[in-house]
Amino acid sequence: MDHIRGDRMTEGVVGAGSMGSSAGFVEVADRVFVARYRQWDVNVGLVLGRHGAVVIDTRASDRQGAQVLDDIRRLGRDIEVRHVVSTHVHFDHTFGNAAFETAIVHAHDNVGRMTQSAAEHIKALVRADPGAAPEYGYTERDVAEVLATVVRGPDRTFGSNATIDLGDRVVTMAYAGRGHTDGDVAVLVPDTDVMFLGDLVEESAHPSFGDDCWPLEWADTLTSHLVQVSERTVVVPGHGRPVDEAFVTRQRDDVAAVAAVIRERRLADGSLEDALREPDARLPYPLDQLESAIRRGWDHLAPPPTP
């Protein structure tokens with residue numbers, strides 16, 4: 001789990017002027033909408049069908065989740081949210097689940113396993129740093145609401161794939177491996193060629209390598225999801241504007257470059273301290289934003305203990 005100022009803290013500062021302004025839902029394909037919210041610059045997806053709607057991610061508190069419901073009502077349609085999908089376990093995508101009392105919450109098995117411990121961890125970080133952070137779009141009141149939220153985990157979990165039937169269309173969920181966390185899923189609306197990738201991809205900041213990331217596997221996970229992406233696909237990241245296949249491919253390659261440097265340094269028998277300190281022109285992101293990635297990769301490549 002990343003620090004309270006992210007999912008945002010370890011990704012690099014996002015200028016306040018570039019953040020979403022909570023303007024409500026915008027249609028990016030037939031009956032597929034995205035709303036971008038200023039607090040933690042997070043995206044929420046909405047897919048409408050004959051038999052109700054699916055919401056993808058729900059923001060960082062029960063109050064913020066209720067604001068999402070208000071924005072859905074402002075679309076001027078009789079929309080019943082029957083399903084929620086959590087793309088991964090982090091608080092800025094899941095704490096709003098509590099507002100969707102009548103919906104079924106779906107997520108990967110690992111999200112179900114980690115929900116409560118991850119919530120306790122982030123709340124401890126919040127208590128240690130309860131102040132506002134305008135550069136991340138949140139106020140002291142937002143922080144207090146995070147602490148006050150009674151966290152709701154998933155009702156249904158899955159291991160590799162699952163489908164939600166909305167009558168005249170389906171929404172599919174796919175797990176292709178570890179990356180930003182161990183429970184990241186892609187959400188695809190096949191009839192409109194839209195994919196939600198959560199924080200496996202970010203547009204408004206560097207990818208977030210937090211203390212629960214899997215830097216050596218992340219690029220392979222994105223490669224697996226790219227099989228379902230074409231030049232026409234609209235890809236919605238966890239933070240920032242919708243992107244295309246070329247953007248996802250570039251970010252996959254950047255994540256792969258980070259992994260390659262970590263592997264090289266670890267296998268060369270250098271010290272972790274040197275790896276954290278020495279710059280490398282191949283790294284696409286500032287070295288000081290890769291500390292967790294390097295530490296995690298170092299541990300993942302550790303030799304097995306001697307019997």
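I am calling a residue buried when its relative accessible area is under 20%. I keep in mind that this model is predicted.

**Entry: F91**
I looked up F91 to start with. Its relative accessible area is 0%, so F91 is buried.

**Entry: aromatic pairs**
Next I asked how many aromatic pairs there are. The count comes to 5 aromatic pairs. I opened the one between W40 and F91, where the ring centres are 5.2 Å apart and the planes stand at 85 degrees, an edge-to-face arrangement.

Which parts of the chain does this pair tie together? W40 sits in the loop between β2 (32-37) and β3 (42-49), while F91 belongs to helix α2 (residues 91-94), so the contact links parts that are 51 residues apart in sequence. I also checked both partners for burial, and W40 and F91 are both buried.

F91 has a further partner to note, F95. Their ring centres lie 6.1 Å apart with the planes at 75 degrees, so I wrote this pair down as edge-to-face too. Is F95 buried or exposed? F95 has 2% relative accessibility, so I count F95 as buried.

**Entry: charges over W214**
Then I moved on to W214 and asked which charged ends sit over its ring. One belongs to R178, at 3.6 Å from the ring centre. Another belongs to R296, whose charged end sits over the ring of W214 at 4.9 Å from its centre.

Methods:
Residues numbered from 1 in each chain as written. Predicted model: local features only at pLDDT ≥ 70, side-chain atom pairs only at ≥ 80, totals over all residues. Heavy atoms only, no water. Phe/Tyr/Trp six-rings, centres within 6.5 Å; stacked < 30°, edge-to-face > 60°. Helix = DSSP H or I, 4+ residues; strand = E, 2+ residues; numbered from the N terminus. Buried < 20%, exposed > 50% of the residue type's maximum accessible area, 1.4 Å probe, protein only. Lys NZ or Arg CZ within 6 Å of the ring centre and 35° of its normal.
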